[in-house]
Amino acid sequence: MNLNTITALRQPVSAAEIAEWRDGLAWLAGGTWLFSEPQPATDTLIDLGYVGWPALATSPGGLEIGATCRIAELYRFEPPGEWIAAQLIRACCNALLASFKIWNAATVGGNICMSAGAMISLVTALEGRCTLWPRDEAPREVAALEFVTGNHTNVLRPGELLRKIHLPASALLKRAAFRQASLTKLGRSAALLIGTSDPARHDLLLTITAATPRPVQLRFAEPPSAEALRQAIAARIPADGYFADVHGSAAYKRHLTYHFADQIRAELARPGAGL
C-alpha cells in the first residue's frame, strides 16, 4: 500500500551515514511488512538496498547470512555436502507466510526483526549468532536464541541494525529433523519444531518456535525417553505459556508441541535418520 506519511527517502551507501536517530525514521529492507499496513508514526525511510552487504558467505567456520539477503537467495543456496543440517534452510523458507514472489523482495533480516517468522526458527535451531550495529556504539553480538523476547518484540534498540547472522559449521554438520503445522496452507505456523543431533555424541537439541511467544530450546546430552522429554517440556513451558491467536488455541499448540517433539526424538534416536 502507499504510505502517505512518508516525506523523505534516504539511500545511504553506508549505515554510518545515519549518525543520529529520531522518532519517525525507519530502516527499509524488503519492505514486505512496512508496506503491508499504515505507518502513521514514520515520515522517513532509509533504504538499505544501497549498502552492498554480501548476501551469503561460506567459510570453514560456517555460513554468514547478510541481513539484506533475500529469502529467494537463501533458498537457492547450495551448501557443502557435509552440511546436512543446511536442508533446514529450504524447509524453513517453505514454512514462511509468503508467496514465492514475496521471497524475491523479503529479506532474512527483515523476517527476523519482525520477531515472528520461520527465519527465527532456522537461525535459532542452527545455534546462530546475530551481529547488531547500534548507531553510536561498537557492534555487539547476541545469540539468536536471545534475540526475540516475545511476539513481535526483540532486543534491538532504537535505530539499531541487524547486520548479519553467523551459523556455525558445528551446527550445520548435525543431523536434523523438522516438523511444522499450520491451520491454513499459507497461514502462520501453529508450531514449528526442529531437532538437531551431533552424530558423534548422539545428543539432542530441540528448538520450539511458533507455538510460544519466543523460541524455547532444550538440550539433552543423550537421547531422552518419551517421558523425560515430556517432563522437560512441561518444566520449561507451563500450560499457559503457549501463544494463542487465530492460527490456533494454546491447547492446540501445546498438543502439537508434545506430538512433534516426540516424533523428532524418535527420528533422531535412529542411526542415520534425519534430514
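**Aromatic pairs, backbone exceptions and sheet packing**

Trp-133 is partly exposed, at a relative accessibility of 26%. The model is a predicted one, in which local features need pLDDT of at least 70 and side-chain atom pairs count only at pLDDT 80 or more, while totals for chains, interfaces and linings use all residues. Residues are numbered from 1 along each chain as its sequence is written, and side-chain values use heavy atoms, with hydrogens and water left out.

A pair of aromatic rings is described by the distance of the centres and the angle of the planes. Rings of Phe, Tyr and Trp (its six-membered ring) were paired if their centres lie within 6.5 Å, and planes under 30 degrees apart were called stacked, those over 60 edge-to-face and the rest tilted. This rule gives 2 aromatic pairs. In one of them, Trp-53 and Trp-133, the ring centres are 5.6 Å apart and the planes stand at 85°, so the pair is edge-to-face. The two residues are 80 apart and connect distant parts of the chain: Trp-53 is in the loop between strand E3 (44-47) and strand E4 (56-59), and Trp-133 is in strand E6 (residues 129-133). Here strands (E, at least two residues) and helices (H or I, at least four) are DSSP runs numbered from the N terminus. With a relative accessible area of 12%, Trp-53 is buried.

E4 also runs antiparallel to strand E5 (residues 62-66), to which 4 bridges join it; two strands are taken to pair if DSSP finds at least two bridges between them. The hairpin between E4 and E5 passes through 2 residues, and Thr-58 is placed opposite Leu-63 of E5.

A ring also takes part in a contact with a charge. Arg-90 sits over the face of Tyr-75, 4.8 Å from the ring centre, where the criterion is NZ of Lys or CZ of Arg within 6 Å of the ring centre and within 35 degrees of the ring normal.

Two residues other than glycine have a positive phi. Ser-115 has a value of about 60°; it is placed in the loop between helix H4 (108-113) and helix H5 (118-125) and is buried, at 3% relative accessibility. For Ala-210, phi is near 75°. Ala-210 belongs to the loop between strand E13 (204-209) and strand E14 (216-220), and its relative accessible area of 18% makes it buried.

E13 and E14 belong to an open sheet of 4 strands, in the order E11-E12-E13-E14 and with antiparallel pairing. Strand E11 (175-181) and E14 are its edge strands, each pairing on one side only. On average, neighbouring strands are turned by 10° against each other, direction ignored. Axes were fitted as lines to C-alpha atoms, for helices over the stretch in contact, with angles from 0 to 180 degrees between N-to-C directions. Between E13 and E14 there are 5 bridges, and Leu-204 has Phe-220 of E14 as its bridge partner.

H5 packs on the sheet and touches strand E12 (191-197), E13 and E14, its direction making about 20° with that of E12; contact means heavy atoms within 4.5 Å. Helix H9 (residues 250-269) packs on the sheet too, touching E11, E12 and E13, and its direction makes about 155° with that of E11.

Helix H8 (residues 226-236) has Leu-229, Ala-232 and Ile-233 buried. Viewed down the axis of H8, the buried residues fall within an arc of 95°, so they line one face of the helix; the arc is that of the directions from the helix axis to the C-beta atoms. E13, E14 and H9 are among the elements that cover these residues.

Technical notes
Buried < 20%, exposed > 50% of the residue type's maximum accessible area, 1.4 Å probe, protein only.
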